[in-house]
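Q: I'm new to this one and would like to learn how to read its charged pairs and helix contacts. Can we go through them together?

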Amino acid sequence: MSVFLRDLLASGRSESTLRSYSVDLLRWWRFLDAVGVEWDRASRAEARDFSCWIQLTAKQRLQTSRPRAARLSSRVAGAPNPVTGKPASGEGYAPSTVAHSETVLRRFYDFHRDCGTGPVLNPFPLDASRRGRGRPNAHHNPMEEWRPERTGRYRPTVPKRIPRAIPDEWFNKLFASLRSHRDRALVAF
């Protein structure tokens, strides 16, 4: 795993990207440890089971100093933020997290396959319907809209996000609290 992360670092990935990839790999390692399979012996069956597990399981949360009742009340699914309208995160992993995890693990196994240090078959394969066509949208006509492409076999569909806004009075408070013209210009933009 450290070789893969060093390669990402050398290719100019940010610290937040490395952390995100590390968390996804740690989740995979813990799953493999629970089912008793070594990382280089994982098959498509383990990848499929992991995909099902991550979509159905509840997230592990860090322990906080807040009382239990306050932690539970803040996790009510569907209760949006009164200012931004952003829905509260639920107990499970979001579809975008599941999709990101699948992408990270496929890249991890592709990296080790290319280096000769991992299995020959990637447990997180590309979708069979895409295999013969090469890169998606390789010959895209700029006059046509982009077609959405599912790349991984176990990649869930990620719903499109609805743009959110804040009320005008909150925007005015935010704008008034900015200290520089540069920040005001960025927020106004």
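**Salt bridges and a helix pair**

A: Let's start with a pair: the side chains of Arg-27 and Asp-24 meet in a salt bridge, with N to O at 2.9 Å. This is a predicted model, in which local features need pLDDT of at least 70 and side-chain atom pairs count only at pLDDT 80 or more, while totals for chains, interfaces and linings use all residues. Residues are numbered from 1 along each chain as its sequence is written, and side-chain values use heavy atoms, leaving out hydrogens and water.

Q: What is a salt bridge, and how many does the count come to?
A: Side chains of opposite charge can pair when their charged atoms come close. The rule here asks for a side-chain nitrogen of Lys or Arg within 4 Å of a carboxyl oxygen of Asp or Glu. By this rule, the count is six.

Q: Where do Arg-27 and Asp-24 lie?
A: Both are in helix H2 (residues 15–35), three residues apart, about one turn of the helix. Helices are DSSP runs (H or I, at least four residues), numbered from the N terminus.

Q: Are Arg-27 and Asp-24 buried or exposed?
A: Buried means under 20% relative accessible area, exposed means over 50%, and partly exposed is in between (1.4 Å probe, protein chains only). Arg-27 has 12%, so it counts as buried, and Asp-24 counts as buried because it has 2%.

Q: Which residue forms a salt bridge with Arg-48?
A: That's Asp-49, with the closest N and O atoms 3.2 Å apart. Arg-48 is partly exposed at 41%, and Asp-49 is partly exposed too, at 36%.

Q: And which residue pairs with Asp-183 in a salt bridge?
A: Arg-182 does, and their closest N and O atoms are 2.8 Å apart. Asp-183 is partly exposed at 24%, whereas Arg-182 is exposed at 59%.

Q: Which residues are linked in a network of salt bridges?
A: Look for Asp-110, Arg-113 and Asp-114.

How values were computed:
Helix = DSSP H or I, 4+ residues; strand = E, 2+ residues; numbered from the N terminus.
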